Amino acid sequence: MRESEIMAEIMVEIGAIKGVMLWRNNTGMIKSADGRFVRFGQPGSPDLIAIAGGKFVGLEVKTPKGRVSPVQRKWRAACEAAGGRYAVVRSAHDAWAAIMDALHEDDLKDEPFAREVDRRD
């Protein structure tokens, strides 16, 4: 399954959870009509951004073999240092688990936030 397909499943599943805002975080560059290149978004930022229970949650979508880039690792560290949550997700189930962790953080004080499939990133 491609990242875009995983992301589409996540948008449907997480978008249906009451009290959670979720949106696609586009980044990249386009060529304007006059030939100039225009950058948008913040390099390394996650594919999806959610607000869950008043908490910022960044969701970086990867295929089962996908790896997080150095700039994504740097963004993750800055996000977590600022008190945000960040998870590498490889399925809608992974995203659901990350969102549930944020929503029920008070119940999970002694548990790690991200339930990642693996630690290859």
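This briefing looks at one helix and the salt bridges of the structure above. The model is predicted, so local features need pLDDT of at least 70, side-chain atom pairs count only at pLDDT 80 or more, and totals for chains, interfaces and linings use all residues. Residues are numbered from 1 along each chain as its sequence is written, and side-chain values use heavy atoms, with hydrogens and water left out.

**Helix 1**
- Helices here are DSSP runs of H or I with at least four residues, while strands are runs of E with at least two, both numbered from the N terminus.
- Ile6, Met7, Ile10 and Ile14 are the buried residues of helix 1; buried means under 20% relative accessible area, exposed over 50%, and partly exposed in between (1.4 Å probe, protein chains only).
- Seen down the axis of helix 1, these buried residues fall within an arc of 100° (taken from the directions from the helix axis to the C-beta atoms), so they line one face of the helix.

**Salt bridges**
- A salt bridge is a side-chain nitrogen of Lys or Arg within 4 Å of a carboxyl oxygen of Asp or Glu, and the count comes to 4.
- Arg24 and Asp47 form one of them, at 3.9 Å from N to O. Arg24 lies in strand 1 and Asp47 in the loop between strand 3 and strand 4, 23 residues apart.
- Arg24 is partly exposed at 37% relative accessibility, whereas Asp47 is buried at 11%.
- Lys62 pairs with Glu60 at 3.5 Å, N to O. Lys62 is buried at 8%, and Glu60 is buried at 1%.
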